[in-house]
Structure formats: C-alpha cells, structure tokens
Amino acid sequence: MSPPNSGARRWYREPRKAVEARPDPGDARFRDVVWNSPGYRFLLRGYLVWRRLVLASAEVPFVPAWRRPQARLLAELVAEASAPANTFIGNPTALRRVVTTRGASLARGMSNLLDDVVHRGGRPAKMPTGAYRLGTNLATTPGRVVYRDDLMEVLQYEPQTTEVHQVPLLLIPAWVNKFYIFDLAPGRSLVEWAVREGFTVFAISQRSPLPHHEKTGLDEYFQRVPLRALDVAREITGSSEVHLTGVCAGGMLAASLAAWLSAAGEPGAASLTLLVSALDHPSPDNGVNRWSDLEIKLLTRILADRDGLVDAGRISLLFDLLRSRDTLWQPSISGWFLGERPEPFDIWAWSEDGVGVPRVLFEQTLRSSIDNTLARGRLRLAGRPVDLSTAPQNAFVVAGVRDHIIPWQTVYHSARLLGGDVAFHLVPSGHVGSIISPPRPKAAYRTGPTPLPGDPSVWWTGSVPHQESWWQAWTRWLAPLSGPAVPARVPGSTRHPAGDFAPGRHVRSRARRHQGGDS
C-alpha cells in the first residue's frame, strides 16, 4: 500500500531516493561528507547491498506469513548492527574528532562507556543523569491525590479557570510507563492544556507492582484500576459520565471500559479519546495466530525479574530494539566514539521511567493480542462481554505517520471497530511525539472522510492537512460533549479527600533507578 511512504514524502516534500544509491536520509550515521570519498563510498555501497540482502531474507517464501514480523525484526536488528559507522575504525567522524581534539574525545568516550556500563548495564545514555526532577521540571501541573491503594493513585488537578465543563476527563496511561506522559515539562503538558481549557482533569498513576501482585490478572486490574478510577471521578464531580482518554495500551482499557459499561446499559463514558492505541491485532496471514502457550511463557520468563514480575527495564530494551538505530546505535556513537553527552529531553526521561507489569497480567494481555479477542468481540471482563461495536460514544483518535510501535494503519483499522462516530487525526510524528503536540507553528495533522473507508489509502487520498495542534482540535471537539459550565471544582470530596500534592507517591516508586536519585 502506497500511503505510508509516498504519503509521508508528500507531507514532508522529501524527494524519492533509491535505497541502493544512498542510505536512508534519516540515518545520521552517514551524513559526514567523507562518506562521498572513494574508499568510504565503496564501504557504504557494500553495506547497503548487504542490508538489502538481509532485509529481503525475511520475505523469502519458506518463511511463514505468521512468522514474518519476527523475521523482519531480526533482519532489521542485524542490518542496523552491521553498519560500518557503528565501529570506531569505520566511523570517519569519530576518527577526525580524535585528531582534532588530540585524543580528548576518545578519553571522554571511554569515560562515558565506563559510566554506562556501571550505571546503565551497558546501554548508551540518551539523556544526562539528574536533568529532570519530578514535581520540579516534570509533572508540575498543580493537583492532589484523591485516591490511593497498592496499585494506583488517582490525581485530580487544580482548576485554573473560574468555571469548568460539567463532564470531567479521566486520563488512562499504558501500564508499562509512568502516567506523566500526559504531564511533561511545562508548555508540553496535555494536562496543563486541558485544565487551562476549563476541564476538570483526573489521571491514573499506577505504581511499580510488588511481589504479591505477581498473579494480578486482567480482570482484577480492570476492576481495580480504570473502573475504580472512573467511580472516583464520578463521585467527586457528581457527573454521571466522564470523558475517557487512553494512550497506547491505556486506549485498550478506555475502549474496553466504555464497551463494558454499554453491555449493561450503564452510563459512565461520555466520549473516547484514543492516542496511538491498537485495538485490532490481525494475524499476518489473516488466519489464526500460532503462538503457543509455551512461547508466551518463554517470552514472559525472559522479561521477568526474580520476583516473577515483568521488568520495566527489559520492556524498555525491547522497545529500544524496535528502533535500534535511534535508540541504541546513534547514542552509542555520540557518547562512546565522539565523547559527547546528550542534551536533556523530557521524552527520554519519561521513556526510561518504566513500570513493571504483573506476570499474569502480561501473559493474559499478550495472549489476548495474539488471539485478537478484543477485535473479534470475544473478550470478557468482570463477567461481561466486551464488544467495541456496541459502545455508542463518539471517539477522537490520534495516530502517528512515523509510529514504529503501532503503525498508523493499525490505529486506523482499530478505530473502525468503534460503535460511535470517529474523528481520525494523523500527525507527522512517531509514537510518543504524536502525543506531545502543544500549539506551535509547525504543529499539524490530517483529517479525512467520515465514516472511515475500509482502506486507509482511500482515507489518505481524501485527507486534508491542518496547520495547528491536534490538542486545539481535541478540546474544541470535547466542548460540545461536556455539558454546561459549572463552578470550578477544588480537588477531593468528603469520601475522597485531597491528600498529597501531585505527582504523588507512586510515580516515585522507581524514579531513583532511572533518574539518578534526584526525584
């Protein structure tokens, strides 16, 4: 299908370039002009030929269709690791830097390498240690903890307007990262934006699980986290309905919660906002996925720590492998070969501040994705069926054209499963960058025909660009669904009194490991 590549070129006005003639324009490892010299040009062309052969090996006929995603990932890892720029002698920039600095860059690089081995298990640093502190320059929007148990805290943010919309917002994060993807640095915080736009905002902050959570499964997690948080938001505000906003795996929880409520005719979800979320996981050959229980348990065992909990650091490494050029090789070249240290970047700080996952929850979620039970209407939660087509709420859906974790076409097909009207927005960013979209001159998104056509390429052909942030479009979309204005609500109620200040305690439970003890 053409839109993922040709469409992106049209969006960014990039010329079409032959892969065999030059490397990917986005590959910073080969930008040095020395690669145009005879010797290095020969080395580069040899690597590009090798790369094509490796990537093509994943598509040979004897590799079953249902195994090709794994084969492609392995081939991509091998191809990226084989780049000559990943070696000191094969990197002309590093060699020239050694000469011009009289060896100082090499000494700094060795120091950086030793530091990464000692403090990061050999993974190259993507941000300087201690650059961010929770509550100081990350997760700083004023708020209070209004509910806490051993799995989560519910935060309610202080109003910043005299009146607010009647229907509040509940933000549901994925369970492998801390909640503050919604509340990054000031000016880049979705929470800050929504509060200033007159919404009462609640957020779920889950903690890193304890050993006794090992057997917590999807049913228990669903009832104790998103369902309980919904009840807290409704009790405090007195609103029978809440806008549900989920990111990544949190989008699955948000959509499932809306459908679960609809199955019993209960109110609760006023609308759905799904950010880079996959609800549909079809098998590559449109048949039954053939992952065995043994394979699922083996993957879980590889990712689990000695307490039986799926380790956040190992999950983070798995995500890094999906994009190894940018998350492993380029940082190692900059840090170890060039002797540089990275600039502070709030997204890197958040991405390395993970949350462990109970083993049973991880296995059940993985099995559900492999069997595609949610999309097929076969998922049951807390005794009720979850059929997305029966959820009547309107939905605001965001996908990223450069998303390497959940391709935008997957988000698109997932959106078509929902029962209400869907406003689909495609932004020119990757997985996390699609979420962080404050109003700025370069902010953009595309919208297309509704209802959504079956083929994403048809939607792309009929889509039009907009030069603004999707955050602006989102709050405009929410406003008519949010009831009349009411006096601003201070956090808490008699039943759920306001406690600790945001970002709360749970978000700090593993922060010392990832942020050098500065949290």
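Student: Where does Pro503 lie?
Tutor: Pro503 sits in the loop between β14 (485-487) and α17 (511-515). Keep in mind that this is a predicted model.

Student: What is the peptide bond from Ala502 to Pro503, cis or trans?
Tutor: Cis. Omega is near 10 degrees for the bond from Ala502 to Pro503. There is also a cis peptide bond joining Thr450 and Pro451, with omega about -5 degrees.

Student: And which loop has Pro451?
Tutor: The one between β12 (445-447) and α15 (456-462).

Student: OK, phi now. What is phi of Arg102?
Tutor: Near 55 degrees. That is a positive value, and Arg102 is a residue other than glycine. Arg102 is in the loop between α4 (92-100) and α5 (104-120).

Student: Is Arg102 buried or exposed?
Tutor: Exposed. Its relative accessibility is 81%, and the cut-off for exposed is over 50%, so Arg102 qualifies.

Student: What about Cys248, where is that found?
Tutor: In the loop between β6 (242-247) and α8 (249-263). Cys248 has a positive phi of about 55 degrees, although it is not a glycine.

Student: Switching to Ser469. Buried or exposed?
Tutor: Buried, with a relative accessible area of 0%. Ser469 is in the loop between β13 (464-466) and α16 (470-478).

Student: What does Ser469 touch?
Tutor: Leaving out residues up to four places away in sequence, Ser469 touches Ser437, Pro438, Pro439, Ala443 and Tyr445. Take Ala443: Ser469 and Ala443 are 26 residues apart in sequence, yet 4.9 Å apart in space, C-alpha to C-alpha.

Student: Helices next. At what angle do α2 and α3 pack?
Tutor: About 170 degrees, with the axes 8 Å apart. Here α2 is residues 38-57 and α3 is residues 68-81. Angles over 145 degrees count as roughly antiparallel, so α2 is roughly antiparallel to α3. The crossing of α2 and α3 is right-handed.

Student: Which residues make the contact?
Tutor: From α2, Tyr47, Trp50, Arg51, Val54, Leu55 and Ser57. From α3, Ala75, Glu76, Val78, Ala79 and Glu80. By class, the contact of α2 with α3 has 7 nonpolar, 1 polar and 3 charged residues.

Student: And how do α3 and α11 cross?
Tutor: At roughly 30 degrees, and their axes come within 11 Å. Helix α11 covers residues 324-337. Under 35 degrees counts as roughly parallel, so α3 and α11 are roughly parallel to each other. The crossing of α3 and α11 is right-handed.

Student: Which residues meet there?
Tutor: Leu77, Glu80 and Ala81 in α3 meet Ser324, Arg325 and Trp329 in α11. That contact of α3 with α11 divides into 3 nonpolar, 1 polar and 2 charged residues.

Student: Last topic, the core. Which residues in the largest nonpolar core touch the most other members?
Tutor: Leu170, Trp175, Leu244, Leu272, Trp408, Leu418 and Phe424, out of 68 residues in that core. Helix α7 (residues 218-237) gives the most to this core, with 10 residues.

Student: What does Leu244 touch?
Tutor: Not counting residues up to four places away in sequence, Leu244 touches Leu170, Leu230, Ala254, Leu257, Ala258, Ala269, Ser271, Leu272 and Thr273.

Terms used. Residues numbered from 1 in each chain as written. Predicted model: local features only at pLDDT ≥ 70, side-chain atom pairs only at ≥ 80, totals over all residues. Heavy atoms only, no water. Axes fitted to C-alpha atoms, helices over the stretch in contact; angles between N-to-C directions. Helix = DSSP H or I, 4+ residues; strand = E, 2+ residues; numbered from the N terminus. Parallel < 35°, antiparallel > 145°, perpendicular 65-115°, else oblique. Left-handed = near helix turned anticlockwise from the far one by under 90°. Contact = heavy atoms within 4.5 Å. Nonpolar A, V, L, I, M, F, W, Y, C, P; charged D, E, K, R; others polar. Core = buried A, V, L, I, M, F, W, Y, C linked by side-chain atoms within 4.5 Å. Buried < 20%, exposed > 50% of the residue type's maximum accessible area, 1.4 Å probe, protein only.
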